Amino acid sequence: MDMLLTEDQLSLAETVRDYLAGTHGPEILRRLDADGNRDPAIWQGLVDMGLTGLLVPEAHGGLGMGLVDAALLATECGRACLAEPLVDTAFVGVPWLLAQGKTEQLADIAAGRVTLPLPHAINPWVADGEGAPLQSVDPLRNLFASANDNADPYLLDLGALMSAAQLVGLADAMLHQAVEYGKIRTQFGQPIGAFQAIKHQLASCAVAIEFAKPVVWQAAQALQDERASAAVHVSHAKVAATDAAMLTAETAIQVHGAMGYTYEVDLHFWMKRCWALAGAWGTRAFHLKRVDEAVLGGTLPIGPEHTFA
Amino acid sequence: MHLAYTPEQQAFRAEVRAWMETHVPKEPLVTLECREGYDQHVEWERTLASGNWGMVTWPEAYGGRGLDLIEWLIFEEEYFRAGGPNRANQNGIFLLGPTIMEFGTEEQKKRFLTPMAKGEVIWAQAWSEPGAGSDMAAISSKAVRDGDHYVITGQKTWSSRAAFADWGFGMFRTDPESKRHKGLTFILFDLNTPGITRRPIRQLHGDTGFAELFFDEVRVPVENCLAGEGEGWNVAMATAGFERGLMLRSPGRFQATAKRLVELYRKHEAEASPAAREAVLQAWMAAQAYAYNTYAVAAKIMAGGKIGAEASLNKIFWSELDRAMHRTAMQLLGAQAELKRFDDGSVNQWLEGYIFSLSGPIYAGSNEVQRNITAERLLGLPRVGAG
């Protein structure tokens, strides 16, 4: 029994974090917003990092890593508010193809030549697909109307898990932005971050994020291990991550005051991605119902001796 | 990350389960906060010690079993699964014990730890003073050196277990010229030393679990000082870290409450609101989240890491979770919630638990203080008055 993320996992996440921090800052989001949303050069950078092949088996030109690794990197994608469809294609689409034994596209995906739109019955749109365009509140999200008759439960779990992982990264980033603003914005002769009215709200966000993260890692491991209860853990992760991110989004805009209500402050990109992912791959109500069926319905053993049931 | 127990861990779980099923009292004990209940709980500490379960993580030389933190978590899970009573000696085993392990001399370890693990000496804490609650650096009780003794004069309050316990620990000002965090010394004292007067304080529930302590020229041997003179603040911060962090509130306690809440909900489902249903699910989710986090922290410590200001996040989380779970139970009980005993004569444990849960966000450093620590030390926000 070991709930520790390994040094390798943490250092890979840190490498990707540093890379995105250096190449995918707020100025990039503003440029993409003004000019086309997607940029082949950014995509190529992700391909060169090996990220499109993260879950592709080595025999097909990938790195052959697991869902916990992918969830950690999805968190980094959330932190950077990455617009390219990396998470969908490489962290949701690839394991779904692998589960079906479909390997013919994997080499192309790893090499970055193919992206995978993922229509699913749970979503009333498909992201980065084809069809009549829909407009998302998130200016960097490309949505299309789509006939979604695929109700595959594993694809749903993968989509929900990776949304949850992005949401904790988004939450981290929004908390960071609010903290930094609280340090520099001065009113009543001191930085507003010195006021307990600000501190305590931000501390509550830190608590929510701290206790959402291990739920996400645990869910990723459960799905990786094909535990019978994995779907419940994924739903738990989606609810916990959504709640932490929504709390942090609302708190962050409040801390930014009227500046937070403007388009020019970067916060809105993260906040809108958070709103979008909150309802994607199963709403809060959908996931809460799955937890309900397990916990109150009695299909999952509960109590102190069943921590990892 | 590897989320499966080894065969050895499973065997250990089976061993704990078998012992607990045989030994945990079938009827809940009377509350620890009154004389009768205190005596019952001390008896239970000694029963635990007879099975060598007093403090499983301590070295065998000090009455423990030398087990690691994962085994401790398994022990705690089984303890709460079996409905094990509250630990009368929690101030000792969970707070002072680890502090002595870190700061004590070999002589102090031998003298204090084994009787603590065996339940032979029950410990009270003496943190707060009337003028030093959340602001613990405002402590004014004095300890004046006189030969090989300190002479203590002053007052402590809200001292848990002090109404009935044997020994206490706290901080005293040994340098009369000192201010705030400096000049404080961490001292252990026999509560029956001449000059100590205990005045039990009647708590919200009507019983007297904590007490005021009056010190009138109390002579305490110098060898009862933990770490050096003037080192009190550092020692106390470590103790507070144990209190807020890993040990004091293991996840099993909250997972057991969440399970009982699910069972209570099933009984009251017909008249329960959708909001109460969601609150029950939240209770299970939050208790599980707390457990995952604790396993992660345990793994980190076992890999050589330390728990720092993150302990404040823990304390906020478990105390507010506990209050929320008991509040939900009170809502589900409806008009029965106010009854101290139900029709069948059984004690309304939810009411007792709800009352106790209201102390959680206050003791061990109020949650307002924890949010300040979180904001300043983890998030890096400026201290109050910075400009």
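The model is predicted, with local features needing pLDDT of at least 70 and side-chain atom pairs counting only at pLDDT 80 or more, while totals for chains, interfaces and linings use all residues. Residues are numbered from 1 along each chain as its sequence is written, chains are lettered from A and ligands numbered from 1 in the order in which they are written, and side-chain values use heavy atoms, without hydrogens and water.

**Chain A with chain B**

Chain A brings 52 residues to the contact and chain B brings 57 residues. Contact here means heavy atoms within 4.5 Å. The two chains bury about 4,900 Å² between them, 69% of it on carbon and sulfur atoms. Buried area is the accessible area (1.4 Å probe) that two parts lose on being put together, summed over both.

The rule finds four salt bridges across this interface. A salt bridge needs a side-chain nitrogen of Lys or Arg within 4 Å of a carboxyl oxygen of Asp or Glu. There are also 19 residue pairs in polar contact, both residues at pLDDT 80 or more. A polar contact is a pair of N or O atoms within 3.5 Å; within protein, one must be able to donate a hydrogen and the other to accept it, and residues adjacent in sequence count only if both atoms are side-chain atoms.

On the chain A side, H8(A) gives the most, with 15 residues. Helices (H or I, at least four residues) are DSSP runs, numbered from the N terminus. By class, this side has 27 nonpolar, 16 polar and nine charged residues. Nonpolar covers Ala, Val, Leu, Ile, Met, Phe, Trp, Tyr, Cys and Pro; charged covers Asp, Glu, Lys and Arg; the others, Gly among them, are polar.

**Domains 1 and 2 of chain B**

Domain 1 spans 7–88 and domain 2 spans 123–231 in the domain assignment of chain B. Such bounds come from an automatic or database assignment. The C-alpha centres of these two domains lie 29 Å apart. Seven residues of domain 1 are in contact with ten residues of domain 2. About 710 Å² is buried between them, with 51% from carbon and sulfur atoms. On the domain 1 side, Glu33(B), Arg35(B) and Tyr38(B) lose the most area, together 69% of what that side buries. Between the two domains the count is one salt bridge.

**Salt bridges by residue pair**

| Residue pair | N to O distance |
|---|---|
| Glu278(B) and Arg284(A) | 2.8 Å |
| Glu33(B) and Arg161(B) | 3.1 Å |

Conventions:
Helix = DSSP H or I, 4+ residues; strand = E, 2+ residues; numbered from the N terminus.
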